Amino acid sequence: MIEATALTKRYASTVAVDGLSFTVPNGRVTGFLGPNGAGKSTTMRLIVGLDAPSSGRVTVNGRAYHDRRFPLREVGALLEAKAIHPSRTARNHLRWLAQSNGINPKRVDEVLEQVGISAVARKRTGTFSLGMSQRLGIAAALLGDPEVLLLDEPVNGLDPEGIQWVRRLLRSLASEGRTVFVSSHLMSEMALTADHLIVIGKGRLIADASVEEVIAQASANHVKVVSPQATALRSLIAAAGADVEPDGDDTLIVTGLECRDVGIIAAAGEITLYELSRQEASLEEAFMEMTRDSVEYLADPDAAGSAA
Amino acid sequence: MSSAETALVPTAAARTAVPNPTPMRQFVAVLRAEWTKLWSVRSTLWSLLVTIAIIVGLGALFCAARVARADRLDPGELRNFDPTGFSLNGIFLAQLAVGVLGVLVMSSEYATGQIRATFGATPQRNLVLAAKVAVFAVVTFAVGLVACFAAFFIGQAILGRSTKFHSAFIGDPGVLRAVIGGAMYLSVLGALGIGLGTILRRTAGAIAALVGLLLILPILVNFLPSPWNTDISKYLPLQAGNAVFHTAKLASTDLSLWVGFAVFCAYAVASLALGAVLLARRDA
């Protein structure tokens with residue numbers, strides 16, 4: 001279990017993490033979601049004690065990370081896959097990690113096997129692709145058979161087969177009762193992997209809820225109506241108190257009513273309908289909606305247009 | 001499902017409490033890890049072989065040159081001739097290889113980002129620094145011993161071919177101390193390199209600081225008006241430390257041998273102490 005309480009990290013001119021409080025329980029995959037620059041990696045570094053918080057605190061299984069002398073036996077982390085000395089072999093990288101925490105050297109070959117890079121175990125990591133480095137990083141996180149796993153963007157650089165493998169791995173680790181905390185800037189990825197989401201933007205907590213709740217919270221669902229008498233229908237729906245926006249000549253997007261209600265209103269007004277359908281907000285839309293005000297690097301659509 | 005809900009599956013709860021080992025057991029573990037790190041990059045072996053080659057090769061070359069011009073040496077030069085120190089002259093160049101390797105022990109971890117894995121595995125950062133110094137000091141001492149004994153015996157064999165001056169025997173007063181002293185000098189210099197690498201974190205900056213301290217600063221101090229130049233210069237690391245691998249007193253103004261070596265060690269200790277303070281304060 002990971003517990004953050006009013007966790008704050010200030011740098012000279014910016015606040016990377018701003019009063020974050022959350023709990024990551026064991027036994028399920030908790031997704032840590034936010035746009036790039038939202039403070040996810042900083043939070044991860046604070047959890048494993050690489051950065052010291054400006055204020056607030058974070059504990060892992062009730063203790064500060066740095067109170068442990070052999071932390072890898074309890075907490076495994078993948079922070080940056082490429083942060084490995086390039087002239088050391090994969091196997092030697094895992095060997096020193098194991099030695100530093102008194103971990104049985106047999107684990108080195110076990111985790112290499114588990115992540116599927118045994119064949120390149122004696123190759124220098126400088127020659128590795130991002131996907132292979134990512135697998136080595138996951139192997140390092142699994143080395144101490146830890147109860148808590150922190151993975152920062154673990155699917156970066158993996159091929160589709162690798163991405164599926166990571167999803168299955170995270171699920172099985174959680175089903176063994178471990179705490180699995182995995183960050184991503186891709187909502188769609190998290191929807192497939194996580195049970196629960198912690199969403200942050202500009203260092204602040206935006207949502208802490210199940211995947212379904214996050215979508216519902218982020219944006220209401222819409223009803224799409226297509227009718228040759230769109231203008232007449234629009235005033236009828238508006239009169240009923242719902243939000244309605246035209247989308248082209250004969251299409252309306254209705255918010256705040258169900259299909260059934262729109263159908264009844266149309267029938268009462270003797271209006272012909274060509275289409276009446278419920279539009280589910282996609283995960284990406286929900287995410288964009290939620291983090292719109294907290295995106296660090298926002299592309300200027302006008303600037304993009306003029307450049308094109 | 002509330003976020004405060006915990007232990008949805010209880011199986012892992014039983015194995016969450018991992019007891020801490022004793023500090024000594026942890027230190028031994030970190031020593032082994034640092035040993036593996038040092039020898040699992042190729043540059044270590046090459047740098048150390050180059051160090052040995054420089055000390056032995058340059059020592060032999062110096063001695064051969066001295067024998068070749070033995071007839072032209074003036075009596076004063078012959079009287080003060082220190083055959084032991086002379087055969088170990090390669091240390092003046094080899095110290096750069098050892099110092100740079102010491103810098104890299106720390107700075108390469110920052111350059112590659114691996115320092116985060118290191119401090120993630122061992123949050124007790126000063127223990128990591130201590131282990132790095134211990135491992136590197138032992139390795140450079142052993143390499144220094146091999147190189148200095150080889151340079152001494154080969155050098156004396158060459159010097160012995162001239163009848164103009166005496167070559168040294170290992171049993172002569174101060175000779176064994178000077179040969180072992182060469183290894184001690186390199187070992188402490190390696191520690192200074194680690195200290196500078198820890199303080200500055202950047203390889204280029206730390207190497208510049210090392211070269212500046214050893215080679216540039218003495219030149220600058222030399223330009224100061226007398227007696228400041230000699231008063232200050234004897235406290236500079238190279239000037240204070242190099243008496244330990246000589247048998248003759250180098251100049252009347254120099255510090256005595258062990259005082260000088262203590263001053264030299266103080267540079268390494270000071271750099272490591274500052275490095276330790278910064279390690280604890282800075283984010284990794």
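Start with helices H8(A) and H9(A), which are oblique to each other because angles between 115 and 145 degrees are neither roughly perpendicular nor roughly antiparallel. Keep in mind on this tour that you are looking at a predicted model.

**Stop 1: the helix pair.** Select residues 230-239 of chain A for H8 and residues 259-268 of chain A for H9. The two pack at an angle of about 120 degrees, and their axes are 10 Å apart. Turn the view and you can follow H8(A) as it passes H9(A) in a right-handed crossing.

Now show the side chains where they touch. From H8(A), pick A:Leu233, A:Leu236 and A:Ile237; from H9(A), pick A:Val262, A:Ile265 and A:Ala266. What classes of residue make up the contact of H8(A) with H9(A)? There are 6 nonpolar residues, with no polar and no charged ones.

**Stop 2: the sheet.** Move on to the open sheet of 3 strands in chain A, where the order is S2-S1-S4 and the pairing is antiparallel. Colour S2 (15-24) and S4 (55-60) of chain A: these stand at the edges with a single partner strand each, so one side of each has no neighbour in the sheet. On average, neighbouring strands here are turned by 20 degrees against each other, ignoring direction.

Next, select S1, residues 2-10 of chain A, which pairs with S2(A) in the antiparallel sense over 6 bridges. Zoom in on A:Ala4, and you will find A:Phe22 of S2(A) opposite.

**Stop 3: the helix across the sheet.** Finally, select residues 40-47 of chain A, helix H1. H1 lies across S1, S2 and S4 of chain A and runs at about 65 degrees to S2(A).

How values were computed:
Residues numbered from 1 in each chain as written. Chains lettered and ligands numbered in written order. Predicted model: local features only at pLDDT ≥ 70, side-chain atom pairs only at ≥ 80, totals over all residues. Heavy atoms only, no water. Axes fitted to C-alpha atoms, helices over the stretch in contact; angles between N-to-C directions. Helix = DSSP H or I, 4+ residues; strand = E, 2+ residues; numbered from the N terminus. Parallel < 35°, antiparallel > 145°, perpendicular 65-115°, else oblique. Left-handed = near helix turned anticlockwise from the far one by under 90°. Contact = heavy atoms within 4.5 Å. Nonpolar A, V, L, I, M, F, W, Y, C, P; charged D, E, K, R; others polar. Pairing = 2+ DSSP bridges.
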